[in-house]
Amino acid sequence: MRVLVIEDDRETAHFLQKSLKESGHATDVAGDGETGLSMAQTNAYDILIVDRMLPRLDGLSVVKTLRTEGNRTPVLILSALGDVDDRVKGLRAGGDDYLTKPYAYSELLARIEALSRRAVPEEQETRYAVGDLVLDRLSHRVTRAGEPIQLQPREYRLLEYLMKNAGQVVTRTMLLENVWDYHFDPQTNVIDVHVSRLRSKIDKGFDRPLLHTVRGAGYMVRDGAL
Amino acid sequence: MTALSDFFLRSMQTQAFRLAAASATVFLLVATMIVGALFWQTNTLLTDHVVAELHREAAELAAEAKAIEPEAFADRIRARSLTAGTSLYLLEDVAGTKRAGNLPALPAEIAGSPTGGVFRYARDGDAPGAKRLAVGIPVPVGPDQRLFIGRDVEAQSELAERIKRTFLWGFGALAVAALIAGLAIGRSVLRRVETINATTRSIMAGDLSRRVPVTGSEDELDELSRNLNGMLDRIEQLMSGLREVSDNIAHDLKTPLNRLRNSAEAALRDPRGGDAYREGLEGAIEKADDLIKTFNALLLIARLEAGVVEESAETFDLGHLVHDVAELYEPVADEAGLALAIETRDGIAIRANRQLIGQAVANLVDNAIKYSAEAAGGAGMRDTTVSVKVTAAADGPAEISVADRGPGIEAKDRDRALRRFVRLEKSRTRPGTGLGLSLVAAVARLHNGAVRLEDNDPGLRVVVTLPLPQGA
């Protein structure tokens with residue numbers, strides 16, 4: 001994946017470049033809004049990571065300009081401003097996702113990977129399958145090795161989101177935002193309890209666990225060990 | 001002397017003195033105009049009367065002159081002159097020789113005038129140089145003689161003069177009195193303002209506990225003093241609030257920062273090396289995350305208190321949201337061995353920030369579960385239900401109530417528990433930021449709602465009231 005990081009703090013930019021490279025993503029860095037905009041205009045990137053406060057041209061203007069020009073590259077906005085209003089403004093400007101500083105690198109990585117996947121035109125999949133676990137999006141039925149599994153509506157949506165991002169790390173915050181549509185801190189790790197309930201329904205009694213916990217990051221549905 | 005002149009100078013700079021002086025001046029001007037008009041009126045009235053009388057006599061004499069011989073006429077004039085009183089007569093022949101009358105000579109002022117006028121003359125027996133005021137007119141008495149009659153108006157003139165003097169003295173005294181009153185008022189006002197200034201100066205110098213004295217006269221200055229004192233009370237309250245806030249922030253951030261530092265240091269010193277480093281770093285990240293949570297909560301409360309979240313209000317079903325959020329905690333309550341009773345109804349539409357209301361409800365349910373779980377762990381409790389309710393009266397506000405069977409909050413601490421940034425001593429040792437309730441209160445305030453803490457007997461019930469949109 002080719003990533004452009006527009007970030008004026010050199011240490012942060014360097015950290016991102018290094019970490020993304022380790023994760024196997026080629027990364028360019030722009031130190032201000034104007035440079036970032038022209039780089040995004042001339043090169044094809046799979047994802048843009050844009051800091052909100054930038055010298056010369058602020059992050060939201062960069063995103064707005066690109067969107068007006070018809071550039072649909074997924075954008076993750078990074079910001080120190082984190083309340084609901086700031087988020088709304090960021091998404092309204094054309095950002096696809098919004099991450100508040102300070103963040104965990106694993107959170108950022110999971111989000112840009114989810115974003116790049118979303119960019120691929122999603123042929124309305126009616127059925128997700130991971131190993132012998134099958135989720136039918138039309139009938140809302142879930143089976144494991146042909147055996148039906150009874151899920152609560154919320155558990156169904158949790159599994160649906162995990163299977164849609166099968167093979168990729170999904171963080172707790174991503175689950176909270178996408179399955180529950182909550183953009184706040186629930187204090188306790190409520191998500192863990194929900195996931196472990198789901199796990200007991202889909203993995204219990206099977207040799208090959210499909211729902212894995214990724215240490216320090218989140219969860220992943222995948223056929224086979226991590 | 002300098003003190004006196006200094007006092008005058010300062011007095012003259014006071015608003016009260018200026019007002020007094022200005023009003024005295026205006027009063028004097030108007031009074032002068034009125035007196036002037038009165039004086040002029042009186043004068044004209046008196047003079048007019050005299051002139052009318054003169055004309056009547058002139059007509060009489062003119063008729064007489066035609067009827068009788070000049071000599072006989074002269075005798076008549078002589079006779080009149082003897083019993084004249086204030087009347088003045090002068091009969092001359094064409095050559096200008098006096099033939100009869102009590103006027104010594106034709107007054108120069110009106111010698112050539114056909115209509116007459118005011119003149120001065122000297123009476124026989126008067127002190128030399130003393131001249132009396134009179135009015136006179138010529139009377140047509142034929143071609144051979146000239147008659148001039150007049151009236152002495154010295155008495156009227158003196159009366160007018162006296163009136164003028166009386167008025168002048170009177171108004172002069174009034175003006176002086178007004179100025180003195182102005183000065184006195186100015187002085188007392190100045191003194192009280194000076195007291196206020198002295199107090200405010202010492203407050204500015206840092207003594208925030210000082211207050212402006214109130215005289216009890218209930219006048220505007222007392223009101224000013226009261227308002228100043230009220231303002232100072234508020235400022236002092238805010239200042240102590242701010243001090244408390246910064247103390248709490250320092251405590252809330254420094255303690256975990258210190259723990260973070262300690263764990264890094266401990267890992268570095270650990271002789272096991274690699275594994276210890278990894279554990280230490282993982283611990284450090286965990287502690288940093290806790291710090292970030294606390295910091296975010298503090299920041300959010302501060303921003304809510306400033307009322308800056310405005311763009312993201314939306315209309316949503318409150319019962320639905322509360323039910324949803326509470327449900328998020330159901331497995332957690334379950335694991336803690338608690339029953340979570342959710343009792344909401346649909347159709348309560350509210351206009352608010354959905355995320356913030358969600359956060360508030362999450363905080364309340366999270367707290368309720370934590371405290372109930374703790375209490376349940378201690379003694380085998382019979383009732384461990386955490387109940388979450390949403391109600392709305394027909395025209396009243398919506399109410400979200402979250403009740404637990406935990407230790408509750410003592411009545412005396414309840415007010416404090418809701419104050420911004422305040423954490424009760426007991427909550428400091430528990431996991432989590434401990435800012436949950438402060439945040440709920442801030443969210444409620446932002447939406448013009450309120451939070452009250454009640455006794456759930458045993459346990460705590462937190463009730464959040466939120467106003468419903470008008471006309472809904």
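Two strands are taken to pair if DSSP finds at least two bridges between them, and helices (H or I, at least four residues) and strands (E, at least two) are simply DSSP runs, numbered from the N terminus. The model is a predicted one, so local features need pLDDT of at least 70 and side-chain atom pairs count only at pLDDT 80 or more, while totals for chains, interfaces and linings use all residues. Residues are numbered from 1 along each chain as its sequence is written, and chains are lettered from A and ligands numbered from 1 in the order in which they are written.

Chain A comes to eight helices and 12 strands. Three of the strands make an open, antiparallel sheet in the order 10-12-11. Its edges are strand 10 (170-171) and strand 11 (211-214) of chain A, each of which pairs on one side only. Strand 10 of chain A is joined to strand 12 (residues 218-221) of chain A by two bridges in the antiparallel sense, and A:Val170 has A:Tyr219 of strand 12 as its bridge partner. Helix 6 (residues 153-164) of chain A packs on this sheet and touches strand 10, strand 11 and strand 12 of chain A. The direction of helix 6 makes about 75° with that of strand 12 of chain A; such angles run from 0 to 180 degrees between N-to-C directions, with axes fitted to C-alpha atoms, for helices over the stretch in contact.

Burial is a matter of counting neighbours: a residue is buried if 20 or more other C-beta atoms, placed from the backbone, lie within 10 Å of its own, exposed if 12 or fewer, and partly exposed in between. By that count, 39% of the 226 residues of chain A are buried. In helix 3 (residues 59-68) of chain A, the buried residues include A:Gly59, A:Leu60, A:Val62, A:Val63 and A:Leu66. They sit on the same side of helix 3 of chain A, because they cover an arc of only 160° around the axis, taken from the directions from the helix axis to the C-beta atoms. Just after helix 3 of chain A comes A:Gly70, with a positive phi of about 90°.

Over in chain B, helix 6 (residues 274-305) and helix 11 (residues 436-446) pack at about 25° with axes 9 Å apart. The two helices of chain B are therefore roughly parallel (angles under 35 degrees; over 145 is roughly antiparallel, 65 to 115 roughly perpendicular and the rest oblique).

As for the interface, 24 residues of chain B are in contact (C-beta atoms, placed from the backbone, within 7 Å) with 19 residues of chain A. Helix 9 (354-378) of chain B gives the largest share of that side of chain B, seven residues.

How values were computed
Two residues are in contact if their C-beta atoms, placed from the backbone, lie within 7 Å.
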